[in-house]
Amino acid sequence: MEHVAVWIAAFLTLGIISFLYKDNPWYKLSEAIFVGISAGYWFVVLFWDNIYGKFWVGVFPPDVVDEAGNFVSHGVPDYALIVGAVLGVLMLARLLPGVGWISRWPLAFIVGCTSGLYLMNYFSSNIMRQVQGTIIPLFGIGYGASVYEIIGNIVIVGGTFAGLVYFFFSKEHRGAFGATAKVGIWVIMITFGASFGYTVMSRMSLLIGRIDFLFGDWLGLIK
Amino acid sequence: MRLLIHTTLFLSVFIFIGSSRIFSVEPSPQVQADTLVNTADTVGVSVAPVTSLLVDDYKYDNGEQLNLSWVPSIDDQLIDGKVSVYRVYRITNDSTRELIAELPPGSNSFTDKNLNRHDTYRYIVAAVSASDDEVLSTTTEPVQPQREWINFRRGYLFLLALIIGGAVIYYIQSARRGKKLFVRKIAGLEAVDEAIGRATEMGRPILYIPGILDMDDVQTLAAITILGRVAHQIADYDTKIRMPVSRSLVMTAARETIKTAYQTAGRPDQYSDDMVSYVTDEQFGYVAAVDGIMVREKPATVFLLGAFFAESLILAETGNSIGAIQIAGTARPAQLPFFIAACDFTLIGEELFAASAYLSGEPKALGSLKGQDVGKAIAMIVILVGVIAVTIGNAWDVKFMNDVKDMLTTIFSTQ
């Protein structure tokens, strides 16, 4: 049975890779199987994780028992979860003609809550920590840092400041302000260049993983 | 009728939330508990026990932490200390005790984390000699972690949010009064009209990919906001839009957005639910399907706006291979290089969020953008002042400068 699974996996892997040549029936078959199975898989996962695991168990919690299986106490139900369930059911209102607009309520709830929750998180991580991390000494008599550290600190402070200038939308990028913004975009691009190389290497490891599967698990050429 | 249903729904949700709070009243806070040295339970006496063990609630958290403090063993305070380690034991509800931490000599406090606010906890701290003899303190009284609704440690964060929020409101009101708010040009957005026009001329569809995260991601929200403007123009030009998505909620939000755009453009009859289709939540399953759509339908324009991960380059390269104009944007730094390499225009980070304001020109969106610029201006000024203060303070030990640095560090602390 395991051999059959390996053969199917190899067949579908090659089907997906065949897209490199051009769109073809083999790719279409692999794509359809991939999409269909994954959609079904996620339906099951989300059902058991959310509807059963979070909602049902949360509202109707099982009794607490000790290691010997003796009753200890009743579980504490979390009735607030019913609010989420009601909002979820309201999403289905769009299937009913005439009251489809009710489905906008849960959407508005999600979008509003998300904005509010993330506001402070982003504020904290993107502004507060960034500012705090950039307040560092550039140089100094009693500082005792090496030349490389001093250059590094200047790059951090200068790069952050110039980057902020680039993302300032209320002023045209002209004159000294424009020059600083240009420095900012250069810093950003150099960072992206380094990130590109780093990420490409991690993608190579994904490719190696698949080749390892084909030549190892499937063909047995790699021991 | 609709207003009545709205009001009833709103009141039901409100009353339900209120009642759930009433019915789940927390037990009253436990009094701090301490231990007595004289009653210490000892096993093989070799070192003195810790004294004055206190446990109290960690303030301003979600009811997940408790603070322990104690006076170290007298044998730990001598120069030739005999204590090799302190062991902290936790007793949850009425279960057996569990070792949760081993702390080095000299320790006099510990914060127990990841607790459940519905449980009660008791603690014992053991002083351990070099020969591994434990001397236990008495067990503390049971204490329950408490949840606080407001985190007063983040007072400065709140103040800064108020300043920026105030600036947003001020600019929104200014825009509503008719004041013209300037926003500099964003290259990627200048190309939106051109890209939609090109698709219209070629008679090919426009493909819109809103990333692979759900509606609880701010990048997806930005993508859906931009979609409103793009869809309006598509409706105007009577072009086709194709939008495969990987999340059901995004599908619903996108359909609503496009439908509204078509209604606003005066072409509600042209709208169809088929414009937006759910594919799968699976990342690479979604990518396989989108790649297939790209090569089969050959869209003239591809929008890749939202949160992307490993699929960014695969999608952008496929779009590039079919000769589509590609406008991409994400706030994920690791994916931006790929978009910059493979797409015609890229909205970098914040530009994605500024895009909706820039495109719509609505007072609310513009005011929000200008308010954020106030935040950036504050950050730039603080960085400048802070760096000067810390550099001079370090170099010449100037007290005033050190005070300025300390003040800024305190204000911008996130603890």
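## A helix to start from

Let's begin where one helix stops: helix 7 of chain B is followed by Lys298(B), whose phi is positive, near 45°. Keep in mind that this is a predicted model.

How far apart are the end C-alpha atoms of helix 7 of chain B? They are 21 Å apart, which agrees with the 21 Å that its 15 residues (283–297) should span at 1.5 Å a residue. Helix 7 of chain B is also mostly covered, with 11 of its 15 residues buried. Among them are Tyr286(B), Val290(B) and Ile293(B). The cover comes from both chains: it includes helix 1 (2–17) and helix 2 (25–59) of chain A, along with strand 9, strand 10, strand 12 and helix 8 of chain B.

## A bridge between the chains

Arg296(B) pairs with Glu31(A), and their closest N and O atoms are 2.7 Å apart. Arg296(B) lies in helix 7 of chain B and Glu31(A) in helix 2 of chain A, so the pair joins two chains. Arg296(B) is partly exposed, with a relative accessible area of 36%, whereas Glu31(A) counts as buried because its relative accessibility is 10%, under the 20% cut-off.

The whole structure has 15 salt bridges over all chains. Another one of them joins Asp112(B) and Arg90(B), at 2.9 Å from N to O. This pair links distant parts of the chain, as Asp112(B) sits in strand 6 and Arg90(B) in strand 4 of chain B, 22 residues apart. Are these two residues buried or exposed? Both Asp112(B) and Arg90(B) are buried.

Arg247(B) and Asp281(B) form a salt bridge too, with their closest N and O atoms 3.5 Å apart. These partners are 34 residues apart, each in a loop of chain B.

## Inside chain B

Chain B has 12 helices and 14 strands, and 50% of its 415 residues are buried. Which residues touch the most other members of the largest nonpolar core? They are Tyr208(B), Met243(B), Ile258(B) and Phe303(B), in a core of 89 residues. Beyond its neighbours within four places in sequence, Tyr208(B) is in contact with residues including Ala223(B), Met243(B) and Phe303(B). A second, separate core has 26 residues, including Ile209(B) and Ala289(B).

Met201(A) belongs to helix 6 (residues 175–218) of chain A and is exposed, with a relative accessible area of 57%.

Note on methods. Residues numbered from 1 in each chain as written. Chains lettered and ligands numbered in written order. Predicted model: local features only at pLDDT ≥ 70, side-chain atom pairs only at ≥ 80, totals over all residues. Heavy atoms only, no water. Core = buried A, V, L, I, M, F, W, Y, C linked by side-chain atoms within 4.5 Å. Buried < 20%, exposed > 50% of the residue type's maximum accessible area, 1.4 Å probe, protein only. Contact = heavy atoms within 4.5 Å. Helix = DSSP H or I, 4+ residues; strand = E, 2+ residues; numbered from the N terminus. Expected span 1.5 Å × (residues − 1). Salt bridge = Lys/Arg side-chain N within 4 Å of Asp/Glu carboxyl O.
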